[in-house]
Amino acid sequence: MTAYTPPLARLIEQLQKLPGVGPKTAQRLALHILKQSEDDVEALAQAILAAKKQVGFCQTCFHLSADKTCPICRDQQRDNKTICVVTDSRDVIALEKTREYHGKYHVLGGVISPMDGIGPDQLNVQPLVRRASFPEVEEVILAISPSVEGETTTLYLGQLLRPFVRVTQIAFGLPMGGDLEYADEVTLARALEGRRELVNS
Amino acid sequence: MFLRRLHLRQFRNYTDQKVQFEAQKTILVGNNAQGKSNLLEAVELLATLNSHRTSRDRDLVQNEQTTGQITATVERKHSTIELGILLRKQGRRTLKLNTETLRRQMEFLGQVNAVQFSGLDLDLVRGGPEIRRNWLDALVIQLEPVYAYILQQYNQVLRQRNALLRRLKQEEMRSLSEGEKMQLALWDSQLAANGSRVTRRRARVLGRLVPIAQEWHRLISGAKEQLEIHYTPNVPWTQDNPEQVQQAFLSKIEQRRTAEKYQGRTVVGTHRDEIELVINNTPARAYGSQGQQRTLVLALKLAELKLIEEVIGEPPLLLLDDVLAELDPNRQNQLLEAIQGRFQTLITATHINAFDAQWLNASQIFSVAAGEVSNF
């Protein structure tokens, strides 16, 4: 590490802690930062700090939010009869990009995984139960990845919520534009499992 | 199917070795520790993505190197395919089919099928149940690649359930809270759902294998011995339907609840299945000589060969690692007859004179010394 002067070494070390950043990328980013004007660097540092200090969780749905209640929860136009349950904020962002869903969300903050010491108490489950029991809520959609842990979480939430609200699970199957013959067997098997009656529309 | 070319780079003791196969039978001759078994191991990896000698990729990569590579050209009935496995001392493998990188190992499995028969296989008879489970699982994966995924899911459920049971055990012997009971019940039903998939597929494949193995065993032993193979799952079931089998799991879990709580781990499930090998009503482990045990293993291997051919529609490769010389002339001929010209066979041996003249005539012979393969 003698090639780096200590402040540069420290910067590279910090950048390397970020996900997806290896030693080479860290070095490239660090050298780029040094080339930028002091104003730009100041803006970057401020933005990082401000985001960290200001962004917390929406107290209703636990999506990342700078306000106590996130814009999605505040939005009067959105349908509050449906709650879509996802693992983390990334999933909210992905679903919002489709612009096809107009209900509300609920972010669990993880999935049940005893190996990692995560049980229902470590997730935002109790607030979900409270929300789902409000009279205006008609449906809870579970949109959790079909891993062993995700399926267990889906199973758990289903048992918990079904007594007082309609619970559905998103379908898993073939990607659009994908040829049947290129799909792997597990995906095909799931798609078959989730088949449904052909209806006229 | 026919393995036409094999290229090993920085794999075990091979630095850069190409081998071109020309005959249905290939004999690799050389002293011990020269690389004969390493070559067969490479073929085993192409077929199963597993090695029976190690579970760590860093053992497969040549010393001092960070990556190793196996590439192969395989002629199948309707097409010729190129396969590649890039092994890393640290990190995951990269799998390639016709230069395209595959995301799932399942897409790679089933491209080459092989049956391996080595001296270690006597452990099938003598060793513990785990060895027989692994053997059966490897066969099921070759026949139904989706089973690799099912097994992986089952093992993940097992790890998670064990973690939960371990944690609950630490809570001493107080009775469980409602929430803990509910959590445990979730993993119970996951174990039942995934275990039922595992056990039903094991039973189905064994059901097809057994009659073929019995027939071979009768032939090789000269009808003097009667072979029986019993699948004894840890959770017994009778009706082959998912709900019934899952129900059997749940009942057994309920029965063993106290034992699991006390031990802090899962004692019910397919990770405790046994496959019993019985000759003339006596457990094969306790029965007879080494020769008789070898007859049994040979019958199992020939049955695998037949079953894979039946299901896949193409004859698989046969890998004989140092076992031929151990067979007496009668069994050697049985084997020869079974293989005929149909199965491409790779054979390793330390001496050429152990072979029958019939074998030698029809074979391509290589000598292997210090990680180099050359014409004999």
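User: How many helices and strands does chain B have?

Analyst: This is a predicted model. In it, chain B has ten helices and 15 strands.

User: What share of the residues in chain B is buried?

Analyst: Here a residue is called buried when its relative accessible area is under 20%. In chain B, buried residues make up 55% of the 376 residues. The chain exposes about 16,800 Å², and carbon and sulfur atoms supply 45% of that area.

User: Which part of the contacts in chain B joins residues 24 or more positions apart?

Analyst: Such pairs account for 71% of the contacts with a separation of 6 or more in chain B. Leaving out residues up to four places away in sequence, Q364(B) touches Q20(B), F21(B), E22(B), A23(B), K25(B), T26(B) and I27(B).

User: Is Q364(B) buried or exposed?

Analyst: Q364(B) counts as buried because its relative accessibility is 13%, and the cut-off is under 20%.

User: How many positive and negative side chains does chain B have?

Analyst: There are 49 positive and 42 negative side chains in chain B. The centres of the two sets lie 4 Å apart.

User: What is there to look for in phi angles?

Analyst: Most residues other than glycine have a negative phi. In chain B, N281(B) has a positive phi of about 65 degrees, and A370(B) has one near 45 degrees.

User: Where in chain B do N281(B) and A370(B) lie?

Analyst: N281(B) is in the loop between β10 (274–279) and β11 (282–283). A370(B) is in the loop between β14 (363–369) and β15 (372–375). N281(B) is exposed, with a relative accessible area of 68%, and A370(B) counts as exposed at 60%.

User: Which domains does the assignment give for chain A?

Analyst: The domain assignment gives domain 1 (6–54), domain 2 (77–170) and domain 3 (172–201) of chain A. Taken over C-alpha atoms, the centres of domain 2 and domain 3 of chain A are 23 Å apart.

How values were computed: Residues numbered from 1 in each chain as written. Chains lettered and ligands numbered in written order. Predicted model: local features only at pLDDT ≥ 70, side-chain atom pairs only at ≥ 80, totals over all residues. Heavy atoms only, no water. Helix = DSSP H or I, 4+ residues; strand = E, 2+ residues; numbered from the N terminus. Buried < 20%, exposed > 50% of the residue type's maximum accessible area, 1.4 Å probe, protein only. Contact = heavy atoms within 4.5 Å. Areas by Shrake-Rupley, 256 points an atom, 1.4 Å probe, with all protein chains shown as cover. Lys, Arg positive; Asp, Glu negative; His and termini not counted. Charge placed at Lys NZ, Arg CZ, Asp CG, Glu CD. Domains from an automatic or database assignment.
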